[in-house]
Amino acid sequence: MFRLRFTTLVEAPLTVAFDVARALGRPWPVPLEEVVSVRPERDVYAVARGRGWITHSRRFTATGAGTLVDEQVDWDTGLPGIVSGVVDRLVLRGRVVRAMQAHLDGYAAAAAHRALDVVRVVGAALVDGDRVLVAQRSGGRYDGCWEFPGGKVEPGESDLAALVRECAEELRVDVVPQAFLGEVLLDGVVAGGAPGASTMRVWWGRIAHGRPVAHEHAQLRWVGAADLDALDWIPADRPLLPAVRALLGLGGAPRRGRTSR
Ligand SMILES: Nc1nc2c([nH]c(=O)n2[C@H]2C[C@H](O)[C@@H](COP(=O)(O)OP(=O)(O)OP(=O)(O)O)O2)c(=O)[nH]1
């Protein structure tokens, strides 16, 4: 069996990286059949011809800089041992590498371009000591639900600039993003976009200046790890809670004080 791995960083949310990869198809003329598809995390395609076969697996992982696409190609020529090695070295390996390189260049550009059309949401898990700031929505579809402060990224704006702007607007504080925490699918239609196309990307943040006051939310609350689960969260946020809990377990910076309304 032979194997090659390729890693590409795509400047696009998970959903866009996944959907564009699938729309472009596979980088070789032989059509492969879908074996696994878990949107937007991974897919596997394969084909067998006689005793030879090829499998192409992709894994999509959210990072602070975009989506990391990890691809693995496994194949076997089906020929006897030594002949197989020679055919692979002289013919197949080079073909696979050239096809993948051409495919990946076009793919990264297409995904980055498509990302401009998708509504993106950012959120801040603002930590003070062993507590995180949570906000209760006021009005609209998620009235009364708890969420991370944040909102939609404006056209031409970076995720982190949007995070800082939203926290200033909603809480009147200056925040400093610390580290990327995770990305979740937003299953509803956000701002007229296609269902399921958008995602929310959440950063761990620290308040550098100011005391948070709820300007757009019903109320704010500082919550410890043990009380996170009991809140009535917007459903999309729940998968992020383990990462937030782990953050609070680290202790964090000395506590600055309490705030509400
Ligand atoms: N801010 C925030 N939005 C979330 C979370 N979870 C979640 O599903 N969402 C959804 C709710 C909304 O459909 C969308 C964010 O929209 P928003 O209304 O907060 O954005 P915005 O501040 O830019 O508001 P606007 O321009 O529409 O007035 O993302 C979360 O934890 N924080």
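**A hairpin and its surroundings**

Modeller: Let's start at the turn: three residues make the link in a hairpin that joins β2 to β3. Strands here are DSSP runs of E with at least two residues, helices are runs of H or I with at least four, and both are numbered from the N terminus. Keep in mind that this is a predicted model, where local features need pLDDT of at least 70, side-chain atom pairs count only at pLDDT 80 or more, and totals for chains, interfaces and linings use all residues. Residue numbers start from 1 along each chain as its sequence is written.

Find β2 at residues 33-38 and β3 at residues 42-49. The two pair in the antiparallel sense, with five bridges between them (pairing takes at least two DSSP bridges). To see one spot where they face each other, look at V36, which stands opposite V44 in β3. Now check how well β2 is covered: hardly at all, for the count of buried residues among its six residues is zero (buried means 20 or more other C-beta atoms within 10 Å of a residue's own, exposed 12 or fewer, partly exposed in between).

For contrast, turn to the largest nonpolar core, a group of 34 residues (buried Ala, Val, Leu, Ile, Met, Phe, Trp, Tyr and Cys joined through C-beta atoms within 7 Å). Within this core, A124, A125, L126, V132 and V175 touch the most other members. At least two of its residues come from each of β6 (120-128), β7 (131-136), α3 (159-171), β10 (174-185), β11 (199-209), β12 (219-224) and α4 (241-249). The biggest giver is β6, with six residues. Leaving aside residues up to four places away in sequence, L126 touches V132, L133, P149, V175, G205, R206 and I207. Another core, of 13 residues, lies apart from the largest one, and V10, F18, V20 and F60 are among its members.

Finally, step back to the whole chain. An automatic or database assignment sets the domain bounds, giving domain 1 (2-115) and domain 2 (120-249). Their C-alpha centres lie 34 Å apart. Where they meet, domain 1 puts in seven residues and domain 2 puts in 10 residues (contact means C-beta atoms within 7 Å). On the domain 1 side, the elements that give two or more residues are α1 (14-24) and β4 (52-63).

Notes: Two residues are in contact if their C-beta atoms, placed from the backbone, lie within 7 Å.
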